[in-house]
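Work through the following exercises with the sequence and the model at hand. Each task is followed by a solution in steps.

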Amino acid sequence: MRKIEENIFKALMIIACAIIVSSFFMIVGTVVLKGLPAMNLDMLTKTPDGGFYIGKEGGVLNAIMGSLYIAGGSSFLALAISLPIVLYINLYLRKGSWLAKATRLSQDVLFGIPSIVYGAFGFTVMMYFGLKASLLGGIVAVTLLVMPIMIRTMDEVMRTVPKELLDASYSLGATRLETVRIMVRQSAPGILTAVLLSFGRAIGDAASVMFTAGFSDNIPQSLDDPAPTLPLAIFFQLSSPMEEVQARAYASALILTILVLTISLSARILTKRFSKNKI
Amino acid sequence: MTSQPHISIQNLNLFYGANHALKNINIDIPDKRVTSFIGPSGCGKTTLLKTFNRLHDSSVDVRIEGKVLVDGENIYDKDMEVTHIRKKMGLLSQRPFPLPMSIFDNIAYGPRIHGTRDKKKLHEIVEQQLRDVALWDEVKDRLHTPAARLSIGQQQRLCLARGLAVEPEIILGDEPTSALDPRSTHKIEELFLELKEKYTIVLVTHILRQARRVSDFIVFVYNGEIIEFGPTEELLLNPKEELTKDYVRGFLS
């Protein structure tokens, strides 16, 4: 009897695993099957010509570059703000300090806010300052979106750094600032993962850039230019009634998927290599 | 050498929240000797050791009263620079915690912090300290590989060398052999016997035989109080207090 029970629950767990693995293959499969036929070099190397959205010549290079700029810029900006935060709450503040608690609580709440809200918030702020949708606007909105991810990932890693290791540094006469180096080195794999996770999230989000970054057929040349992004390019192409253009949506989705997969795979490989050799 | 003891503790009380963990501690730790703190687990011996270099600073809910004088200066004085105190003491913890860097950089970490930049000088320090802990021959060909690749016993000797590199006067050991195999333990114990020529050594241990092998003086701590303090043989063979007798005979744990 207990043997049967064991087997039933084992089977349920295997089914659950099968669902996640098959979802992965089905999604990637759909994107590949539908996207490949419309895929060509022009898609990757050209910006849209006049009639691109009604089926004429061109590609989505504008959106690829726009997305890379936004994801790169926001990951960098988010790291520049998040790293001091996590170092401060993990090295300087005592456990149970109210500031650490308040920071972690806000971070938790921000983590759960949908990206469209960040987009709307960014839009409101930009309206207030009289700014139009631009690369800068997009970077700021997406930074707000990925900062909680970054903080949480780094915080979780830094919390596992043994207190004795930090004590070892202190007992050699190091100050807290000098011990930051130890903390950063010890949690380097986690910091790298945090950056790549954020980059992946940033490059794929549509809602936060919709109002803040805008869209255009050109690669943005300055922070003031509107910045086209892949998710929005997919959205526009998919809303077209023409099958040819819809197929291009899948090709764009394929490009985006490959970018995100490359990032998450390299995150895994780099993290492994990092934790094996450096520490 | 002065007649003043290196570490002198006067009326020290420590509270963890409402828990009175160390009660009215008064003791002078003899200079250039090995002194062991023994006692059952949870008696406060590690807590006492950590007050010597203010490692309780970053813990919440810890309140300390009284004085810990190191070279005549109260380390709990408000104006006291904590890095200045800690530089005087090398710390060995229960498990070795090598810094996440190479063997060379682990030893050079302390001297670099305290201003030694000259490469040749750093190299001399690293070699000297590694020789002092009998690790040089084992690692001289791989100084620039990560310290984490050493065995646990080697790591603990590395941590000792790292502490010695800042030229401390005192070595604190918090059950420094508890994670080590018998051979590595033996090596560390031998090192302590050599090092006491130059340093004041304070050890926390729960192994009576170890205390007997390495220490000149023993402090028996029980329930947050110092019950008895005396020369090793005398305390172990002719304890004056009933509690010490019970502990030494193994009735108390």
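**Exercise 1. Determine the order of secondary structure elements in chain A, and its dimensions.**

Step 1. Read from the N terminus, chain A of this predicted model runs α-α-α-α-α-α-α-α-α-α-α-α.
Step 2. The count is 12 helices and 0 strands.
Step 3. Along the principal axes, the C-alpha atoms of chain A fill a box of roughly 70 × 65 × 35 Å.

**Exercise 2. Divide chain A into domains and describe the contact between them.**

Step 1. The domain assignment places residues 2-38 in domain 1 and residues 41-276 in domain 2 of chain A.
Step 2. Taken over C-alpha atoms, the centres of domain 1 and domain 2 of chain A are separated by 28 Å.
Step 3. To the contact, domain 1 of chain A gives 7 residues and domain 2 of chain A gives 7 residues.
Step 4. On the side of domain 1 of chain A that touches domain 2, the classes are 5 nonpolar, 1 polar and 1 charged.

**Exercise 3. Characterise the packing of α3(A) on α8(A).**

Step 1. Two quantities are needed, since packed helices are described by the angle between their axes and the distance between the axes.
Step 2. For α3 (residues 61-92) and α8 (residues 176-186) of chain A, the angle is about 110 degrees and the axes are 11 Å apart.
Step 3. Angles of 65 to 115 degrees count as roughly perpendicular. α3(A) and α8(A) are therefore roughly perpendicular to each other.
Step 4. The crossing of α3(A) past α8(A) is right-handed.
Step 5. From α3(A), the contact is made by Leu87(A), Asn90(A), Leu91(A) and Tyr92(A); from α8(A), by Arg176(A), Thr179(A), Val180(A) and Met183(A).
Step 6. Sorted by class, the residues of this contact are 5 nonpolar, 2 polar and 1 charged.

**Exercise 4. Give the strand order of the open sheet of 4 strands in chain B and identify its edges.**

Step 1. The order is β2-β1-β4-β5 in chain B, and the pairing is antiparallel.
Step 2. β2 (19-29) and β5 (73-74) of chain B each have a single partner strand, so one side of each is left without a neighbour in the sheet; these two stand at the edges.
Step 3. β1 (residues 7-16) of chain B pairs with β2(B) over 7 bridges in the antiparallel sense.
Step 4. Phe15(B) has His20(B) of β2(B) opposite.

**Exercise 5. Repeat the analysis for the open sheet of 6 strands in chain B.**

Step 1. Here the order is β6-β7-β8-β3-β9-β10 in chain B, with mixed pairing.
Step 2. β6 and β10 (225-231) of chain B are the edge strands, each pairing on one side only.
Step 3. On average, neighbouring strands of this sheet are turned by 15 degrees against each other, direction ignored.
Step 4. β3 (residues 34-38) and β9 (residues 217-222) of chain B run parallel and are joined by 4 bridges. Ile38(B) stands opposite Phe220(B) of β9(B).
Step 5. α6(B) packs on the sheet and touches β6 and β7 (170-174) of chain B. The direction of α6(B) makes about 165 degrees with that of β6(B).

**Exercise 6. Describe the side of chain B that touches chain A.**

Step 1. In contact are 23 residues of chain B and 22 residues of chain A.
Step 2. The elements of chain B that give two or more residues to this side are α2 (82-87), β6 (89-92), α3 (103-113) and α6 (152-164).
Step 3. The residues of this side of chain B comprise 13 nonpolar, 7 polar and 3 charged.

Note on methods. Residues are numbered from 1 along each chain as its sequence is written. Chains are lettered from A and ligands numbered from 1 in the order in which they are written. This is a predicted model: local features need pLDDT of at least 70, side-chain atom pairs count only at pLDDT 80 or more; totals for chains, interfaces and linings use all residues. Two residues are in contact if their C-beta atoms, placed from the backbone, lie within 7 Å. Ala, Val, Leu, Ile, Met, Phe, Trp, Tyr, Cys and Pro count as nonpolar, Asp, Glu, Lys and Arg as charged, and the others, Gly among them, as polar. Two strands pair if DSSP finds at least two bridges between them. Axes are lines fitted to C-alpha atoms, for helices over the stretch in contact, and angles run from 0 to 180 degrees between N-to-C directions. Angles under 35 degrees count as roughly parallel, over 145 as roughly antiparallel, 65 to 115 as roughly perpendicular and the rest as oblique. A crossing is left-handed if the near helix is turned anticlockwise from the far one by less than a right angle, and right-handed if clockwise. Domain bounds come from an automatic or database domain assignment.
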